[in-house]
Amino acid sequence: MAHLFLLLFLLIVLLTLISADLTAKTYIIRVDSSSKPSIFPTHFHWYTAQFTEPKNILHVYDTVFHGFSAVLTPKLAASVLQNPSVLAAFEDRRRDLHTTRSPQFLGLRNQRGLWSESDYGSDVIIGVFDTGIWPERRSFSDRNLSPVPKRWRGECETGVRFSRKNCNRKIVGARFFSRGHEAAAAAATAGVGGINATVEFKSPRDADGHGTHTASTAAGRHTFRASMEGYASGIAKGVAPKARLAVYKVCWKNSGCFDSDILAAFDAAVNDGVDVISISIGGTDGTSSPYYLDPIAIGSYGAVSRGIFVSSSAGNGGPNVMSATNLAPWLTTVGAGTIDRNFPAEVILSDGRKFTGVSLYAGQQLNGKMYPLIYPGKSGALSASLCMENSLSPNSIKGKIVICDRGSNPRVAKGLVVKKAGGVGMILANGESNGEGLVGDAHLLPACAVGSSEGDRIKAYLSSNPIATATINFRGTVVGTKPAPVVASFSGRGPNGLNPEILKPDLIAPGVNILAAWTEAVGPTGLDSDIRKTEFNIVSGTSMACPHVSGAAALLKSAHPDWSPAAIRSAMMTTATLTDNSFSRMTDEFSNKSATPYDFGAGNLNLDLAMDPGLIYDLMNEDYVSFLCSIEYAPTTIQVITRSRVNCPMRKPLPENLNYPSISALIPRGSTGVISKMFFRMVTNVGEANSVYGVRVEPPKGVRVVVKPTKLVFSEMVRRLGYYVTITVDSKRLVFGDSGAVFGSVTWVDTKHVVRSPVLVTQIDPL
């Protein structure tokens with residue numbers, strides 16, 4: 001009998017090993033395209049003859065990337081990797097979305113400034129990589145727009161509830177990419193289902209709302225009588241109202257976005273002729289892969305190398321340090337800040353105390369009636385404290401206002417759980433990890449979100465007063481809130497986890513409680529049970545900040561068509577503001593303390609100044625190649641990113657000498673005595689030809705900063721000049737703050753312009 005059990009056990013092990021070997025996955029294969037034998041008419045013929053069968057291939061890449069994605073067994077993938085023509089192979093990964101008054105808050109005004117100079121971004125084409133679009137929204141009207149630019153080469157792909165008539169002079173093209181998603185579903189990848197026709201459209205039509213929101217934030221037309229159920233009422237408009245939109249649906253409802261599809265979208269967008277790409281997508285775990293294993297970094301390099309500006313979200317991993325994503329130096333990485341508009345609500349306790357929070361609830365009011373207060377977390381059950389599904393007993397919840405802790409499940413889903421259990425209202429309390437950062441939600445029952453300290457005080461009152469009662473009042477929309485901007489608590493933070501020599505994020509833009517167009521497919525909460533329909537929704541995230549910068553890039557591209565992507569980013573960074581509307585230094589929403597460049601990069605986007613920056617820090621393809629050599633990537637590894645073979649110089653360049661509009665000095669950990677580091681930067685004059693700039697230095701505390709020369713004299717003949725920055729540190733005098741760094745700046749000033757670059761000194765060693 002024991003022998004029989006042993007044979008059975010061995011059989012199970014053998015079948016498991018065979019099954020594992022046969023489990024197919026999607027792999028992205030980077031191929032040296034110059035190695036294609038001349039006998040094959042196309043790369044597709046070569047790939048299908050030498051690497052795999054045609055039915056296994058999902059996408060062929062030939063613009064930003066050379067290679068293909070295919071469904072392969074691990075054994076076959078390993079075999080493919082042995083081919084000398086293959087430079088790299090990596091598994092397809094799932095990524096997630098990083099989920100009005102804001103144009104005025106950026107310094108844009110009708111009939112003057114950048115809107116006027118750029119004709120509101122007319123004829124610039126913004127490619128939006130997201131969940132698609134709801135084309136019937138007024139924000140996407142093509143009324144009074146000129147014909148589609150003749151250089152546009154894209155398509156209007158048809159599909160479920162999306163015809164060619166859904167494209168117009170505003171939405172000039174639309175595509176959808178689902179093969180990577182469908183392959184993952186077929187392989188039963190965790191958390192991925194097939195395209196559910198009852199909730200999703202196999203077409204560019206948006207079933208989620210996120211894509212419609214980001215597209216209209218970047219380039220929505222002026223839309224009168226806009227609001228979300230009465231909140232934020234007024235005129236909604238995107239940053240570049242006359243810019244054109246090209247829609248690339250790469251993300252699917254409840255299923256994320258797959259690298260193989262994103263890379264295919266980059267390939268298509270570059271071929272189609274977009275000028276700007278907006279991608280509010282990033283890794284699911286808050287970590288960043290090396291550039292040669294990151295299809296967003298690879299695809300964006302291919303776009304930037306062809307003059308296309310790429311704006312990306314920094315992720316919502318804040319306030320944790322080193323949480324910023326999309327770190328490649330050719331990407332513009334955008335964090336999120338608040339604007340001067342808020343949606344206050346207040347919790348009133350039976351002892352008369354009031355606690356201010358936020359809410360977008362628009363249903364029947366409580367009208368001051370007091371209800372019993374309950375905190376399910378008092379029992380010690382984590383699921384009950386978080387108001388998870390099936391965690392609340394109607395017997396104890398019915399007729400009460402429930403305190404729910406933030407975290408784990410969606411904020412609006414907690415309210416639904418409370419409502420199902422018979423609760424009449426909810427107080428959503430931040431935990432320590434969220435601090436005082438608040439975002440509004442269109443809850444399904446009366447609800448108010450409060451900060452960590454307010455939540456603790458409310459819980460303490462209930463603990464000492466078991467018969468405590470409370471009510472919730474809603475105060476609508478308040479404009480002119482101070483201070484603003486404030487760095488959003490969720491915004492991804494530095495330092496740069498891949499190369500600390502490059503400061504990330506680059507800057508922040510409005511990303512909290514942003515009003516923009518919404519899909520008809522779901523209600524404002526996105527919950528299946530939310531049957532409300534709204535033309536606009538109010539949403540928060542670095543996903544919302546990113547399209548602000550995409551629209552800004554469209555305006556700058558329209559006003560300055562000869563500027564490179566690096567020049568556009570430089571103009572935004574060197575003119576970004578550090579103060580709020582109360583003329584104080586920007587603060588961090590999480591801690592209420594002063595924010596640092598690790599939080600906001602160069603500062604908050606200010607388009608009124610970015611139109612005329614005076615000087616710019618420009619970068620070309622060879623500069624990025626030099627940077628990749630400096631971080632010790634081998635030539636074949638660099639070729640994975642750049643598509644062409646490179647030769648790194650014998651004398652290795654320094655990554656900190658990339659001509660970036662910021663300076664980061666890394667001091668070796670444990671070093672003693674006096675240490676000096678020298679940096680070189682080159683600026684290009686884009687202002688008046690005969691200009692003279694003097695330098696102003698704000699040294700980090702305990703650091704000596706010397707700039708040579710101290711004066712830059714430009715003329716008709718001299719448009720570019722370089723300067724050196726020497727940073728000297730005495731380890732005995734240097735004291736780092738909570739952030740682990742000290743901060744300062746180098747600023748070039750003439751009679752009109754202030755060109756500021758942040759300077760930081762830190763002991764973080766490169767990873």
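The model is predicted, so local features need pLDDT of at least 70, side-chain atom pairs count only at pLDDT 80 or more, and totals for chains, interfaces and linings use all residues. Residues are numbered from 1 along each chain as its sequence is written, and side-chain values use heavy atoms, with hydrogens and water left out.

The predictor's confidence in each residue, from 0 to 100, is called pLDDT. The chain averages 91, and 93% of the residues score at least 70. Over residues 4–21 the pLDDT is below 50, and this stretch has four contacts in the model beyond near neighbours in sequence. A contact means heavy atoms within 4.5 Å. Residues 100–109 also have a pLDDT below 50, with 38 contacts beyond near neighbours in sequence.

Strands of a sheet pair through backbone hydrogen bonds, either parallel or antiparallel. Here strands are DSSP runs (E, at least two residues), numbered from the N terminus, and two of them pair if DSSP finds at least two bridges between them.

Another antiparallel pair is β8 (residues 223–228) with β9 (residues 231–236), over three bridges. Ala-226 has Gly-234 in β9 as its bridge partner. The two strands form a hairpin with two residues between them, and Glu-229 in the turn has a positive phi of about 50 degrees.

The structure also holds four disulfides, a disulfide being a pair of cysteine sulfur atoms within 2.5 Å. One of them joins Cys-156 to Cys-167, with 2.0 Å from S to S. The torsion about this S-S bond is about 90 degrees, so the disulfide is right-handed. Both cysteines lie in the loop between β6 (125–130) and β7 (171–176), so the pair ties together parts that are 11 residues apart in sequence.

How values were computed: Helix = DSSP H or I, 4+ residues; strand = E, 2+ residues; numbered from the N terminus.
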